[in-house]
Amino acid sequence: MNISPKTITYAIHGIFTAKGIQPGGILTMQILSIAWAETRLRKIDLGRGLEGLRKAGFVSLEKTAYGFEVRLLDDSFGQVVTEEDRRALSMLGVVRKLRQPPMGRAPVAPAKPAA
């Protein structure tokens, strides 16, 4: 499935919004990575999305004593204005639905090694 860069940026924007982060606020990469798993997108998509947003001036990546942090500089990348925007945002919902774990099935635990 081909996920557009715009869909990825909406997923990133959704995490900032869900965490209540306004422009000037930060998220640690650890928190962002944990929340990213819920998007059902690939880990590599997060890196590509952040790099694109950094280059466009929407976020900055900062190394601190606590690890890497992402500072939200401008949240306008989350605006849905055009029909293309609506399709990209809709695709995020489709991906989440298609990649969600089957209902009623617990993940299979790995076999324990023989003692």
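Leaving aside neighbours within four places in sequence, His13 is in contact with Asp75, Phe77 and Gly78, where contact means heavy atoms within 4.5 Å. The model is predicted, so local features need pLDDT of at least 70 and side-chain atom pairs count only at pLDDT 80 or more, while totals for chains, interfaces and linings use all residues. Residues are numbered from 1 along each chain as its sequence is written, and side-chain values use heavy atoms, with hydrogens and water left out.

**The chain as a whole**

- The secondary structure comes to 4 helices and 3 strands; helices (H or I, at least four residues) and strands (E, at least two) are DSSP runs, numbered from the N terminus.
- Read from the N terminus on, the elements follow the order α-β-α-α-β-β-α.
- The chain has 115 residues, and 30% of them count as buried.
- Buried means under 20% relative accessible area, exposed means over 50%, and partly exposed is in between, with a 1.4 Å probe and protein chains only.
- The accessible surface comes to about 7800 Å², and carbon and sulfur atoms hold 58% of that surface; such areas come from the Shrake-Rupley method with a 1.4 Å probe, and for residues only the protein chains shown count as cover.
- Among contacts between residues at least 6 apart in sequence, 62% join residues at least 24 apart.

- His13 is found in helix H1.
- His13 has a relative accessible area of 15%, and is therefore buried.
- Asp75 lies in the loop between strand S3 (67-72) and H4.
- Asp75 is partly exposed, because its relative accessible area is 31%.
- Not counting residues up to four places away in sequence, Asp75 touches His13 and Pro23.
- Asp75 and Phe16 are 59 residues apart in sequence, and their C-alpha atoms are 8.8 Å apart in space.

**Packing of H1 and H3**

- H1 and H3 pack at an angle of about 90°, and their axes are 9 Å apart.
- That angle makes H1 roughly perpendicular to H3.
- Axes are lines fitted to C-alpha atoms, for helices over the stretch in contact, and angles run from 0 to 180 degrees between N-to-C directions.
- Angles under 35 degrees count as roughly parallel, over 145 as roughly antiparallel, 65 to 115 as roughly perpendicular, and the rest as oblique.
- On the H1 side, Ile8, Thr9 and Ile12 meet Asp45, Leu46, Gly49, Leu50 and Leu53 in H3.
- The residues of this contact of H1 with H3 divide into 5 nonpolar, 2 polar and 1 charged.
- Here Ala, Val, Leu, Ile, Met, Phe, Trp, Tyr, Cys and Pro count as nonpolar, Asp, Glu, Lys and Arg as charged, and the others, Gly among them, as polar.

**Salt bridges**

- A salt bridge is a side-chain nitrogen of Lys or Arg within 4 Å of a carboxyl oxygen of Asp or Glu, and by this rule the count comes to 5 salt bridges.
- One of them joins Lys6 and Asp85, with the closest N and O atoms 3.7 Å apart.
- The pair links distant parts of the chain, since Lys6 is in helix H1 (residues 5-18) and Asp85 in helix H4 (residues 83-98), 79 residues apart.
- Lys6 counts as partly exposed because its relative accessibility is 26%, whereas Asp85 is buried because its relative accessible area is 9%.
- Another joins Glu51 and Arg54, whose closest N and O atoms are 2.5 Å apart.
- Both Glu51 and Arg54 lie in helix H3 (residues 43-55), 3 residues apart, about one turn of the helix.
- Glu51 is partly exposed at a relative accessible area of 29%, and Arg54 is partly exposed at 35%.
- Arg86 forms a salt bridge with Glu83, and the closest N and O atoms are 3.5 Å apart.
- Arg86 and Glu83 both lie in helix H4, 3 residues apart, about one turn of the helix.
- Arg86 counts as partly exposed at 40% relative accessibility, and Glu83 is partly exposed with a relative accessible area of 45%.

**Arg40**

- The place of Arg40 is in the loop between helix H2 (29-36) and H3.
- Phi of Arg40 is near 70°, a positive value in a residue other than glycine.
- Arg40 counts as partly exposed because its relative accessibility is 25%.
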